[in-house]
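Subject: Structure handover and notes

Dear colleague,

Please read them with the model open beside you.

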Amino acid sequence: MPTPRFLPANLALAGALLCMAAACSGGDGDSAAAATPGANGGARGGADGARGGAPGGRAGGMITLSESDLATVHRAPIEEGTPITGNLNPIETVDVRARLEGDIVRVLAREGQRVSEGQLLAQYESSEQESARRSADARAASARADLSTAEWNLQQSEELFKAGAVAERDLRAAQNTVASAKAQLAAADAAVRSASMGASDTRIVAPLTGTVATRSVEVGEHVARGTTLFTVVRSDVLELAASVPARHANSLLAGQTVRFAADGRDFQGRVARISPTIDPSTRSITVYIQIPNDGGRLKGGTFATGRVIGRTISDALVIPSAAVKQSTEGAAFVYRLDGTTLAQVDIQLGIVDEAAGVVQVVSGLSEGDRIIVGNVGSLGKGMQVQVVGAPSPSS
């Protein structure tokens, strides 16, 4: 137990301390006591701001944002589209094959050369075919002469029969001779056509207007029937075959506009055809899109990405897609800045423009409202917001 003589000294010291506390507080005690929680609250608010706010957004919490974390609700055109990707291929690709066996004596086209329909690309050695055609022409000429003679004899026989100078048997013989001569001429004409086709096949011509993609023959080469000699592509129109999820099938129609990017540039095309069936293995439908390519701006095989445009609204109320949150009940909402206070606002969405990264707001917001964009931390209604870099009220 302490010695009794020290007790008064201890009591005096305690009394002095109480007196000093009363003197320090005198008249400002309430404000000092209020300032202490406020300072603590500010410290907590700053910490909450660094963490992105306390979960649930306690009233009185504070968060610091930059201007880039805010977006203004505004009106702008918006398009709803179905995304597509694929390679742009020439609308037609034709392999020019050899129709007969023989030796090539001339090659007049090379890869990358622009050719017109009917233009000579190469030629066979054709002396045999030309000889066969001349022989067929001669036989046809002889058959025509025989028919002419037979028809003259028939005419004479008919006049003599009317005069009673010849028997009916002679008239019928003259008629049969004419019929036989006509048959001989028809056969000769068929032989001429066959020989002419054989001679024509020695000339290898372009089947369409386009560009020579490949050449597989050289001068002096002996080629067999059916050999591919050239490949000619028509690239004034390119076609993209894109696989689209089956859920979008009912929104696709022939003639719809398609906007896409390829080779660092923007282009526009249209839906030409839609497959009538859904692929059971991928649950997708094939859409064929055609793009005008005058002047060959795009090369076949170029990879393209784009969208089939469904609906377009010219004056929609739009916000960035990154600003939209979703509640546990599945409702869409955003955080709106009302002065310096954060408000949670339920909204109704319209169409989504994935390419532009914006969505249409049907209700819940007004033009000019400022909202929080992106993931800036944990937010909640009632939080105080300080915007770094915001203009001062006097400005």
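To begin with a single side chain: is Glu168 buried, exposed or partly exposed? Glu168 is partly exposed, as its relative accessible area is 42%; here buried means under 20% relative accessible area, exposed means over 50%, and partly exposed lies in between, with a 1.4 Å probe and protein chains only. These areas come from the Shrake-Rupley method with the 1.4 Å probe, and for residues only the protein chains shown count as cover.

Before going further, please note that this is a predicted model, in which local features need pLDDT of at least 70 and side-chain atom pairs count only at pLDDT 80 or more, while totals for chains, interfaces and linings use all residues. Residues are numbered from 1 along each chain as its sequence is written, and side-chain values use heavy atoms, with hydrogens and water left out.

Salt bridges

The structure holds 18 salt bridges, each being a side-chain nitrogen of Lys or Arg within 4 Å of a carboxyl oxygen of Asp or Glu. Glu168 takes part in one of them with Arg172, where the closest N and O atoms are 3.3 Å apart. Both residues belong to helix H4 (residues 168-200) and are 4 residues apart, about one turn of the helix; helices (H or I, at least four residues) and strands (E, at least two) are DSSP runs numbered from the N terminus.

Arg336 forms a salt bridge with Asp338, with 2.9 Å between the closest N and O atoms, and Arg336 also forms one with Asp369, where the corresponding separation is 3.8 Å. Because Asp369 lies in the loop between strand S19 (358-363) and strand S20 (370-372), whereas Arg336 lies in strand S16 (residues 332-338), this pair ties together parts that are 33 residues apart in sequence. Asp369 is buried, at 18% relative accessible area, while Asp338 is partly exposed at 36%.

Strand pairing

Two strands are taken to pair if DSSP finds at least two bridges between them. Strand S3 (residues 74-97) pairs with strand S14 (residues 302-320) in the antiparallel sense over 14 bridges, and within this pairing Thr85 stands opposite Thr305. S3 also pairs antiparallel with S10, over 9 bridges, with Thr93 opposite Val233 of S10. Strand S10 (residues 228-245) is in turn an antiparallel partner of S8, through 4 bridges, and Val233 is there the bridge partner of Thr211.

Strand S4 (residues 102-107) and S6 pair over 3 bridges, and Val107 has Ala122 of S6 as its bridge partner.

A charged patch

Glu101, Asp103, Glu125 and Glu128 gather in a surface patch of negative charge. Patches are made of residues with over 30% relative accessible area and no salt bridge, with like charges joined within 9 Å and nonpolar side chains (Val, Leu, Ile, Met, Phe, Trp, Tyr) within 5 Å. Lys and Arg count as positive and Asp and Glu as negative, whereas His and the chain ends are not counted, and the place of a charge is taken as NZ of Lys, CZ of Arg, CG of Asp or CD of Glu. Glu125 is found in the loop between strand S6 (120-124) and helix H3 (127-163) and is partly exposed, at 39% relative accessibility.
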